Structure formats: C-alpha cells, structure tokens
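Student: I am new to this one. Please show me the structure, and then let us go through it by question and answer.

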Amino acid sequence: MNYKMLIDSILGALKTLAAGWNYKAIIAAIFTVLVHKHAILFYGFAALVFVDCFTKWMARSHKYLIEQGKAEPTIIQSIIGIKAARSAGKISSDVMKHRFLGKIAVYLMCVMAAASADLIMVQLNQPIWAVATIIGYLTITEVLSVIENLNDAGVEAVQGLIDIIKKKKG
C-alpha cells in the first residue's frame, strides 16, 4: 500500500472540506433553525391560520356570488370568485393581513406562556402539560374555524365534522 498517496488523499479531502467553512457553518446553522421542532410548530400554526384566512375568503366569495344571483356556487367558483369579491370590497387584504399576523402573535404568546409553565413544572419535578394542552386547543380551534368557513362556503359535507369537533372540544 502506498502510504504517501493515502496521506495526500486524506489531506486533499480535508482541504476540500475546510474550504468555505464559514459559508458551510452558516448554512448548517440556518438549516438547524429551520428544522427545529419549534420552527416546525410555527410553520404548522402559520399554515393553519393561512388556510383559515383562505377559507374565510372562500366563504365571503360564496356569499357574494349568491348576492349576485349565482345559485349554489361550487367550491371552484367560490375560489375563482375571490377576486371579484375583493374588488367589490367584500374581502379586505389589509384586514386579513392584520388578522393573520395578530393570530400568530397571540398563538406565540400563549405557547411561550405555556412553555414557561412547563419549565416551572420541570423545576418542581411535576409532570408537564401546559404546552401540549395549549397547542392542542389552538390547533382544534383553528381546524374548527376552517371547517366552519368551508360550511359557510357551501361545502355541506363538513357539517358532521363540526358536530364531532365541538363534542371533542367541549
């Protein structure tokens, strides 16, 4: 075996790995932050709130289409009608933006308060429960809102889901 060639190969590989270490470290840090469990929870909440807002737009579009004389608009017609409902002033992007950001801020405050409570419980050697309870409640509330919005948008199939979720929530 040629040890000189082996050592040269190892040193070459190390040199290649070390090249651009600062960029690689920054990318690794960003990736770690992006896939951290708290970041993923935030993405999930943001997605739920976005879907809630979008289904609210659908419901308002559906109502607008009915006001315009369209009998029983379909889901696709309600989605396509969002632009017309917005032009007619039935949907305000500014209101929805503040609603979205406001909900996210409130959710973050609730989860941070729950995390503080759980931290206290850990220090007291007691079972933790606050974060799971708060996140579960907020999630179910958002899902119920989405389903109610879909119901308002003319999707009759979700009425049974509303009843089931309200029983589980209550």
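Tutor: Begin with charge: Lys and Arg count as positive, Asp and Glu as negative, while His and the chain ends are not counted. A charge is placed at NZ of Lys, CZ of Arg, CG of Asp or CD of Glu. This is a predicted model, where local features need pLDDT of at least 70, side-chain atom pairs count only at pLDDT 80 or more, and totals for chains, interfaces and linings use all residues. Residues are numbered from 1 along each chain as its sequence is written, and side-chain values use heavy atoms, with hydrogens and water left out.

Student: How far apart do the centres of the positive and negative side chains lie in the protein chain?

Tutor: Take the two sets in turn. The protein chain has 18 positive side chains and 11 negative ones. The centres of these sets lie apart by 7 Å.

Student: How many helices and how many strands does the protein chain have?

Tutor: Helices (H or I, at least four residues) and strands (E, at least two) are DSSP runs, numbered from the N terminus. Read from the N terminus, the elements go α-α-α-α-α-α-α-α. The count is 8 helices and 0 strands.

Student: Is the protein chain spread out or compact, judged against a globule?

Tutor: The radius of gyration is taken over C-alpha atoms, and the globule rule is 2.2 Å times the number of residues to the power 0.38. For 170 residues the rule gives 15 Å, and the protein chain has 25 Å, well over that, so it is more spread out than a compact globule. Along the principal axes, its C-alpha atoms fill a box of roughly 85 × 45 × 30 Å.

Student: What percentage of the 170 residues is buried?

Tutor: Buried means under 20% relative accessible area, exposed over 50%, and partly exposed in between (1.4 Å probe, protein chains only). Across the 170 residues of the protein chain, the buried share is 24%.

Student: What part of the accessible surface belongs to carbon and sulfur atoms?

Tutor: Accessible areas come from the Shrake-Rupley method with a 1.4 Å probe; for residues, only the protein chains shown count as cover. The protein chain has an accessible surface of about 11,700 Å². Carbon and sulfur atoms account for 71%.

Student: What does helix H6 reach from its first C-alpha to its last?

Tutor: The expected span of a helix is 1.5 Å times one less than its number of residues. H6 covers residues 93-123, which is 31 residues. The expected value is 45 Å, and H6 comes close to it, at 45 Å.

Student: Which helices do the buried residues of H6 pack against?

Tutor: Contact means heavy atoms within 4.5 Å. The buried residues of H6 include Met96, Lys103, Tyr107 and Asp118. Their partners are helix H3 (37-67) and H7.

Student: Which residues does Met96 contact beyond four places in sequence?

Tutor: Met96 lies in H6 and is buried, at 3% relative accessible area. Lys56 is 40 residues away in sequence, yet the two C-alpha atoms are 9.2 Å apart. Leaving aside neighbours within four places, the contacts of Met96 are Cys53, Lys56, Trp57 and Arg60.

Student: Which residues does Ser145 touch, not counting those up to four places away?

Tutor: Ser145 is found in H7, a helix of 23 residues at 130-152. Its relative accessible area is 16%, so Ser145 is buried. Beyond four places in sequence, Ser145 touches Asp52 and Arg99.

Student: Is Asn125 buried or exposed?

Tutor: Asn125 sits in the loop between H6 and H7. Its phi is near 55°, a positive value in a residue other than glycine. At 70% relative accessibility, Asn125 counts as exposed.

Student: Where is Glu72 placed?

Tutor: Glu72 also has a positive phi, near 45°, in a residue other than glycine. With a relative accessible area of 56%, Glu72 is exposed. Its place is the loop between H3 and helix H4 (75-80).

Student: Which residue just after H1 takes a positive phi?

Tutor: H1 runs over residues 3-18 and has 16 residues. Just after H1 comes a positive phi of about 70°, and the residue is Gly20.
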